[in-house]
Amino acid sequence: KIYNTKSLDHLGSSRKWIKKLGVENFDEYSVRASSGCLFKCTFCHIGKRTNRYRKISDFIDELKVFPKYSNVKFLSADLLANKEWVTNLANEIINNKIKIRWMTDSRFNWFDDLNFLKLIEKSGCKRIDVGLESFNNKILKSYKKAYNTDFIQEKITNICKTNITLGINMMIGNPEDDLASINQTCEYYTY
């Protein structure tokens, strides 16, 4: 059975394939951490699908192959959605003395626990990209983002208490966008 609705444990470790590719031949790396998303934004191809995670021991096995201070993208639509899994992963990275700079994609929803953010920062998290999409409540609602501008501002304030860089993605061209909503988003981005 290829598709497993509960986890990605069946994938195992790709360590031997990563080594075979020759890690010295690359400057940056990407490793699949999870698949799926709990949310159902109107524009997204993922839809509302269970967020499935890999077995941490397999993931750590792969990370050990990369040279010190490598840039590694943890592929996931919303990595931080499973706080327990990410906490265990961060602790394993620290305990195994894996020195990488990692980045991922997630949502503002998980930026409320400063201790959690500091832990992932300690494990090497340097950047989290999030889909702001718009800084206009009407447009956010039409995208079904499940948050508003006040919520966004609160979460950005919290992550700014770390040294994790916040990458923000935006979209212009929603059928409900107008000059005012586009200006509001652009003004926020340049703030």
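Tutor: Let us start with one residue and its surroundings. Ile-120 touches Leu-80, Val-86, Ala-90, Trp-102, Cys-125, Ile-128 and Ile-164, leaving aside residues up to four places away in sequence. Keep in mind that this is a predicted model.

Student: Which residues have the most contacts inside the largest nonpolar core?

Tutor: The general idea comes first. In soluble globular proteins, nonpolar side chains tend to be buried together. Now the case here. The largest nonpolar core has 42 residues. Those with the most contacts inside it are Leu-63, Phe-74, Leu-79, Ile-120, Ile-128 and Ile-152.

Student: Which elements give two or more residues to this core?

Tutor: The strands are β1 (28-32), β4, β5 and β6 (125-133). The helices are α2 (56-63), α3 (83-95), α4 (114-122) and α6 (149-159). The largest share, five residues, comes from α3.

Student: How do I read a helix such as α2? Which of its residues are buried?

Tutor: Think of the helix turn. An α-helix has 3.6 residues a turn, so residues three or four places apart point the same way. In α2, the buried residues are Ile-56, Asp-58, Phe-59, Ile-60, Glu-62 and Leu-63. That makes six of the eight residues, so α2 is largely enclosed by the rest of the structure.

Student: What do those buried residues pack against?

Tutor: The buried residues of α2 pack against α1 (15-21), β1, β4, α3 and β5.

Student: Now the sheet. In what order do the strands run?

Tutor: One general point about strands. In a regular strand the side chains alternate between the two faces of the sheet. Here five strands form an open sheet, in the order β1-β4-β5-β6-β7. The pairing is parallel.

Student: Which strands stand at the edges?

Tutor: β1 and β7 (165-170) do. Each has a single partner strand, so one side of each is left without a neighbour in the sheet. Neighbouring strands are turned by 25 degrees against each other on average, with direction ignored.

Student: How many bridges join β5 to β6?

Tutor: Five bridges, in the parallel sense. Asp-105 stands opposite Asp-129 in β6. β4 and β5 also pair in the parallel sense over five bridges. There, Val-72 stands opposite Trp-102 in β5.

Student: Is β5 largely enclosed or left open?

Tutor: Five of the seven residues of β5 are buried, so this strand is largely enclosed by the rest of the structure.

Student: Trp-102 keeps coming up. How do I read aromatic pairs?

Tutor: A pair of aromatic rings is described by the distance of the centres and the angle of the planes. A search of the whole structure finds nine aromatic pairs. Take Phe-74 and Trp-102: this pair is stacked, 4.5 Å centre to centre, with 5 degrees between the planes.

Student: Which parts does that pair tie together?

Tutor: Phe-74 lies in strand β4 (residues 70-75) and Trp-102 in strand β5 (residues 100-106), so the pair ties together parts that are 28 residues apart in sequence. Both Phe-74 and Trp-102 are buried. Ring pairs also build a cluster of Tyr-53, Phe-59, Phe-74, Trp-85 and Trp-102.

Student: And charged side chains? How many salt bridges are there?

Tutor: The search finds eight salt bridges. In one of them, the side chains of Asp-113 and Lys-83 meet at 2.4 Å, N to O. Asp-113 is in the loop between β5 and α4, Lys-83 in helix α3, 30 residues apart.

Student: Are those two buried or partly exposed?

Tutor: Asp-113 has 22% relative accessibility, so it counts as partly exposed. Lys-83, at 38%, also counts as partly exposed.

Student: Which salt bridge has buried partners?

Tutor: Look at Lys-145 and Glu-133, whose side chains meet at 3.3 Å, N to O. Lys-145 sits in the loop between α5 (137-143) and α6, and Glu-133 in strand β6, 12 residues apart. Lys-145 is buried, at 4% relative accessible area. Glu-133 is buried too, at 6%.

Technical notes
Residues are numbered from 1 along each chain as its sequence is written. This is a predicted model: local features need pLDDT of at least 70, side-chain atom pairs count only at pLDDT 80 or more; totals for chains, interfaces and linings use all residues. Side-chain values use heavy atoms; hydrogens and water are left out. Rings of Phe, Tyr and Trp (its six-membered ring) pair if their centres lie within 6.5 Å; planes under 30 degrees apart count as stacked, over 60 as edge-to-face and the rest as tilted. Helices (H or I, at least four residues) and strands (E, at least two) are DSSP runs, numbered from the N terminus. Buried means under 20% relative accessible area, exposed over 50%, partly exposed in between (1.4 Å probe, protein chains only). A nonpolar core is a set of buried Ala, Val, Leu, Ile, Met, Phe, Trp, Tyr and Cys residues joined through side-chain atoms within 4.5 Å. Contact means heavy atoms within 4.5 Å. Two strands pair if DSSP finds at least two bridges between them. Axes are lines fitted to C-alpha atoms, for helices over the stretch in contact, and angles run from 0 to 180 degrees between N-to-C directions. A salt bridge is a side-chain nitrogen of Lys or Arg within 4 Å of a carboxyl oxygen of Asp or Glu.
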